[in-house]
Amino acid sequence: MSDAERSEQQQLARNLGELLQELRVAQAGVQILFGFLLSVAFTDRYARADGYVHVTHLVTVLLAT
């Protein structure tokens with residue numbers, strides 16, 4: 001294996017490590033968003049909302065999941 005190939009593999013390994021770190025950070029944000037979305041369904045104002053709001057909420061919860 002040449003030095004160029006080894007250097008390229010090291011760069012790819014670093015990029016993969018950075019990507020995994022970014023995903024860990026994003027995961028925490030998604031979990032907070034998911035918890036908030038679940039709590040909204042138990043409010044009085046949500047119970048009085050129309051069907052469009054309920055469908056939009058359901059789609060958002062499913063996407064967060």
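**Figure 1. Confidence across the predicted chain.** The protein chain of this predicted model averages a pLDDT of 91. A score of at least 70 is reached by 100% of the residues. Among the elements of the chain, helix 3 has the highest mean pLDDT, 94. Helix 1 has the lowest, 91.

**Figure 2. The elements of the chain are three helices and zero strands.** Read from the N terminus, their order is α-α-α. Helix 1 covers residues 3-40, and helix 3 covers residues 51-64.

**Figure 3. Overall dimensions of the chain.** The C-alpha atoms fill a box of roughly 65 × 20 × 10 Å along the principal axes. The radius of gyration is 21 Å. For a compact globule of 65 residues, the value would be near 11 Å.

**Figure 4. Helix 1 and helix 3 cross at roughly 150 degrees.** Their axes come within 10 Å. Angles over 145 degrees count as roughly antiparallel, so helix 1 is roughly antiparallel to helix 3. The crossing of helix 1 past helix 3 is left-handed.

**Figure 5. Close-up of the contact between helix 1 and helix 3.** Helix 1 supplies Val-30, Phe-34, Leu-37, Leu-38 and Val-40. Helix 3 supplies His-57, Thr-60, Val-61 and Ala-64. Seven residues of this contact are nonpolar and two are polar. No charged residues take part.

Conventions:
Residues are numbered from 1 along each chain as its sequence is written. This is a predicted model: local features need pLDDT of at least 70, side-chain atom pairs count only at pLDDT 80 or more; totals for chains, interfaces and linings use all residues. Side-chain values use heavy atoms; hydrogens and water are left out. Axes are lines fitted to C-alpha atoms, for helices over the stretch in contact, and angles run from 0 to 180 degrees between N-to-C directions. Helices (H or I, at least four residues) and strands (E, at least two) are DSSP runs, numbered from the N terminus. Angles under 35 degrees count as roughly parallel, over 145 as roughly antiparallel, 65 to 115 as roughly perpendicular and the rest as oblique. A crossing is left-handed if the near helix is turned anticlockwise from the far one by less than a right angle, and right-handed if clockwise. Contact means heavy atoms within 4.5 Å. Ala, Val, Leu, Ile, Met, Phe, Trp, Tyr, Cys and Pro count as nonpolar, Asp, Glu, Lys and Arg as charged, and the others, Gly among them, as polar. pLDDT is the predictor's confidence in each residue, from 0 to 100. The radius of gyration is taken over C-alpha atoms; the globule rule is 2.2 Å times the number of residues to the power 0.38.
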